[in-house]
Amino acid sequence: MEEKIKYELEFPIHASPSLIYQYISTPSGLSEWFADNVNSRGELFKFIWDGAEEQAKLLTKKSGERVKFRWLDDEDEPFYFEIRIQVDEITKDVSLMITDFAEEDEVEEAKMLWTNQISDLKQVLGSA
């Protein structure tokens, strides 16, 4: 199996951290921008896109701050994806920090996918 590479993205976003957190941590919030539909049972989340399903386990969740998931396909691997809300202490600017992994030849495509997803989130938040 090809080794995956960790990458990070930062997206400035004009919305309150508590509002953003609702959209990154709940199935209903994630359904608004991340996937067509999201269901959860405990820490198991099922993401549905165009009829295809992917399952992820919620690894950590810190209220108002971040969520971290691992795809069940990567269960024996150290890979995860994290969505973190970062607030600049001085300017109070809010950014969404994405940490994810992709195979070397798929990193640019994965970054574009996140850019599109976050664009959808900004639309939902009225922050676009």
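Guide: F81 is buried, because its relative accessibility is 2% (buried is under 20% relative accessible area, exposed over 50%, partly exposed in between, with a 1.4 Å probe and protein chains only). The model is predicted, so local features need pLDDT of at least 70 and side-chain atom pairs pLDDT 80 or more, whereas totals for chains, interfaces and linings use all residues. Residues are numbered from 1 along each chain as its sequence is written, and side-chain values use heavy atoms, without hydrogens and water.

F34 is likewise buried, at 6% relative accessibility. Rings of Phe, Tyr and Trp (its six-membered ring) pair if their centres lie within 6.5 Å; planes under 30 degrees apart are stacked, over 60 edge-to-face, the rest tilted. The count by this rule is 16 aromatic pairs. One of them joins F34 to F81: the rings are stacked, 5.8 Å centre to centre with 15° between the planes. This pair links distant parts of the chain, 47 residues apart, with F34 in the loop between α2 (27-33) and β2 (37-41) and F81 in strand β6 (residues 81-87).

W49 and W71 form a tilted pair, because their ring centres are 6.1 Å apart and their planes stand at 55°. W49 belongs to strand β3 (residues 44-49) and W71 to strand β5 (residues 66-71), so this pair ties together parts that are 22 residues apart in sequence. W49 is partly exposed, with a relative accessible area of 26%, while W71 is buried at 19%.

Methods. Helices (H or I, at least four residues) and strands (E, at least two) are DSSP runs, numbered from the N terminus.
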